[in-house]
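User: Hi, I'm new to this one. Can you walk me through it?
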Amino acid sequence: MQPWPVGEIRSLPLESIDERYRRYRLADRSAERAIRGSLERYGQLSPVVVSVQEGQLVLVDGFKRLQAARTLKNTETLSARRLEVDEQGAKAAIYTLNRIARPEGVNNCGPPRSSNWRSKTGLRCCNRNRSRTMHGSRD
C-alpha cells in the first residue's frame, strides 16, 4: 500500500474495505434506506473513515454508507479518510460516534431509560431482556 497521509481523502474499491468492527455499529434499517436514497440522488457527501491495521483498510465510520453503496449498481468505490488508530482506538472511536449520534439513554432496543443500567464497561443493558448489548457505530 502506498503511503497515505492521515486525513487525506482517497477513493477506495468497495471490496477493499474490511468490516471487522461491523458488530459494534448501530443497526437502523430506516437510516440505511435513507442513506441509500441519498447516495442514489446526490452521491457520496462525506467520506467513510478507515484505519490501516495489519495491512488492511478497516472501516471505523460509514457502515451504512458502505452497505448502501454495495447495493447500488455502478457504484464501485467510496471516498475514504484515513484515521491513525490501533484496534482499541478504532473501537473507542466507534463507541464515541454512537454516543454522539444517539441522545443519552436511547438505543435501538427500546425506549429511553436511565443511565443507571450502564455497566463498568460502558455497555448498555437492553430493556427487553436485560442482556448486555454493545450498540455499534452510528453508521
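Analyst: One term to begin with: helices (H or I, at least four residues) and strands (E, at least two) are DSSP runs, numbered from the N terminus. With that numbering, Gly7 sits in the segment before β1 (9-13). Keep in mind that this is a predicted model.

User: OK. How many helices and strands does the protein chain have?
Analyst: The protein chain has 3 helices and 7 strands.

User: In what order do the elements run from the N terminus on?
Analyst: The order is β-β-α-β-β-α-β-α-β-β.

User: What percentage of the residues count as buried?
Analyst: The protein chain has 139 residues, and 40% of them count as buried.

User: And what share of the contacts with a separation of 6 or more comes from residues 24 or more positions apart?
Analyst: That share is 72% in the protein chain.

User: Back to Gly7. Which residues is it in contact with, leaving aside neighbours within four places in sequence?
Analyst: Gly7 is in contact with Arg81 and Arg82. Gly7 and Arg82 are 75 residues apart in sequence. In space, their C-alpha atoms are 5.4 Å apart.

User: How does Gly7 count in terms of accessibility?
Analyst: Gly7 is partly exposed, because its relative accessibility is 32%. The partly exposed class lies between the buried limit of 20% and the exposed limit of 50%.

User: New topic: helices. At what angle do α1 and α2 cross?
Analyst: Roughly 60°. Helix α1 covers residues 29-42, and helix α2 covers residues 63-71. Their axes come within 9 Å.

User: What do you call that arrangement?
Analyst: α1 and α2 are oblique to each other. Angles of 65 to 115 degrees would count as roughly perpendicular, and those under 35 as roughly parallel. The crossing of α1 past α2 is right-handed.

User: Which residues make the contact?
Analyst: From α1, the contact uses Ala31, Glu32, Ile35, Arg36 and Leu39. From α2, Lys64, Arg65, Ala68, Ala69 and Thr71 take part. The residues of this contact divide into 5 nonpolar, 1 polar and 4 charged.

User: Tell me about Glu32. Which residues is it in contact with, beyond its neighbours within four places?
Analyst: Glu32 is in contact with Arg25 and Lys64. Glu32 itself lies in helix α1. The side chains of Glu32 and Arg25 also meet in a salt bridge, at 3.0 Å from N to O.

User: Is Glu32 buried or exposed?
Analyst: Glu32 is buried, because its relative accessibility is 16%. Arg25 is buried too.

User: What about Arg29, buried or exposed?
Analyst: Arg29 is exposed, with a relative accessible area of 63%. Arg29 is also in helix α1. Arg29 and Lys64 are 35 residues apart in sequence, and 9.2 Å apart in space from C-alpha to C-alpha.

User: How many salt bridges does the structure hold?
Analyst: The structure holds 11 salt bridges. One of them joins the side chains of Asp61 and Arg65, at 3.3 Å from N to O. Both Asp61 and Arg65 are buried.

User: Which residues do salt bridges with shared partners join into one network?
Analyst: Asp18, Arg20 and Glu54 form that network.

User: And what does Glu19 pair with?
Analyst: The side chain of Glu19 meets that of Arg22 in a salt bridge, at 2.5 Å from N to O. Glu19 counts as buried because its relative accessibility is 18%. Arg22 is partly exposed, with a relative accessible area of 25%.

User: Last topic: backbone angles. What is the phi of Glu54?
Analyst: Glu54 has a positive phi of about 55°, although it is not a glycine. Most residues other than glycine have a negative phi. Glu54 is in the loop between β3 (48-53) and β4 (56-61). At 73% relative accessibility, Glu54 is exposed.

User: And Asn74, where is that?
Analyst: Asn74 is in the loop between α2 and β5 (77-82). The phi of Asn74 is near 65°, again a positive value in a residue other than glycine. Asn74 is exposed, because its relative accessibility is 80%.

Technical notes
Residues are numbered from 1 along each chain as its sequence is written. This is a predicted model: local features need pLDDT of at least 70, side-chain atom pairs count only at pLDDT 80 or more; totals for chains, interfaces and linings use all residues. Side-chain values use heavy atoms; hydrogens and water are left out. Axes are lines fitted to C-alpha atoms, for helices over the stretch in contact, and angles run from 0 to 180 degrees between N-to-C directions. Angles under 35 degrees count as roughly parallel, over 145 as roughly antiparallel, 65 to 115 as roughly perpendicular and the rest as oblique. A crossing is left-handed if the near helix is turned anticlockwise from the far one by less than a right angle, and right-handed if clockwise. Contact means heavy atoms within 4.5 Å. Ala, Val, Leu, Ile, Met, Phe, Trp, Tyr, Cys and Pro count as nonpolar, Asp, Glu, Lys and Arg as charged, and the others, Gly among them, as polar. A salt bridge is a side-chain nitrogen of Lys or Arg within 4 Å of a carboxyl oxygen of Asp or Glu. Buried means under 20% relative accessible area, exposed over 50%, partly exposed in between (1.4 Å probe, protein chains only).
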